[in-house]
Amino acid sequence: MLEITDLSHSYGPPDRAHRALDQVSLRVADGELVSIVGPSGCGKSTLLRCAAGLLTPAAGTVRLDGAQVDRVPDGLAVVFQDYSRSLLPWLSVRDNVALPLRHTGQSRRARRDAAGAALATVGLPDTGDRYPWQLSGGMQQRVAIARALACDPRLLLMDEPFGSVDAQTREDLEDLVLAVRRERDMTILLVTHDIDESVYVGDRVVVLTPGPGRIRADLPVTLP
């Protein structure tokens, strides 16, 4: 489904460029959950942004279902690490979740219904009229996940989505992602610093080297 070939990227002027990624090639099959781990600064978030079409790589290609990604493609959603900045505090929870549906041409009623269904999926069916700042951190991150699910994406990209919550909430959210994946037969690429998490949720664990990021290992997870 997702094919990344010889992906390289640098930041800064050419004479002082910082190379973040160096010839990364990766394939993700339909329905897989692939975890990406590596030390800080190894290019994990850069890789995810290039895969999402949010960043144009300096070299290499990204293809989704065979089509080259040069913008954010349909059928893709992203969950960011910093939920407090990704949710709009002046919009209700329901309107935050419905926000990406505005470009689909659906009626306001249809968008509200889809947002309500997504909130129910993440266990927050009665929070639609509240505001993000009225929710706990774990609940806010569930709202961010619901917003991604409202689009019914085929590919979900998650950039350290549980790094800012407590340990118990983190475990609950990991189980939520696994449940949503089973229910919706979704393909997921998840960046994490947590080795246990990468093994627990992933079908494969891709390990990047210290920057510039290269693939050091691609390990199948054969545990039940």
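Let's start with one pair of residues in this predicted model: S8 has A59, in strand 4, as its bridge partner. Find these two in the structure, and you have a way into the sheet around them.

As a reminder, the strands of a sheet pair through backbone hydrogen bonds, and they can do so in a parallel or an antiparallel way.

Now step back to see the neighbours. The sheet is open and has 4 strands, in the order 2-1-4-5, with antiparallel pairing. At its edges are strand 2 (18–28) and strand 5 (67–68), each of which pairs on one side only. Next, look for helix 1, residues 44–52: this helix lies across strand 1, strand 2 and strand 4. Relative to strand 1, helix 1 runs at about 120°.

Let's move on to the nonpolar cores. The largest one holds 35 residues, and those touching the most other members are V97, V143, I145, L156, M158, F162 and I188. Several elements each supply at least two residues of this core, including strand 6 (76–79), helix 4 (108–121), strand 7 (155–159) and helix 6 (167–184). Which helix gives the most to this core? Helix 5 does, with 7 residues.

Apart from this core lies another, made of 26 residues, with L2, L48, L157 and L208 among them.

Leaving aside residues up to four places away in sequence, F162 touches Q141, I145, R170, L173, E174, V177, L190 and E197.

Conventions
Residues are numbered from 1 along each chain as its sequence is written. This is a predicted model: local features need pLDDT of at least 70, side-chain atom pairs count only at pLDDT 80 or more; totals for chains, interfaces and linings use all residues. Side-chain values use heavy atoms; hydrogens and water are left out. Two strands pair if DSSP finds at least two bridges between them. Contact means heavy atoms within 4.5 Å. Axes are lines fitted to C-alpha atoms, for helices over the stretch in contact, and angles run from 0 to 180 degrees between N-to-C directions. A nonpolar core is a set of buried Ala, Val, Leu, Ile, Met, Phe, Trp, Tyr and Cys residues joined through side-chain atoms within 4.5 Å. Buried means under 20% relative accessible area, exposed over 50%, partly exposed in between (1.4 Å probe, protein chains only).
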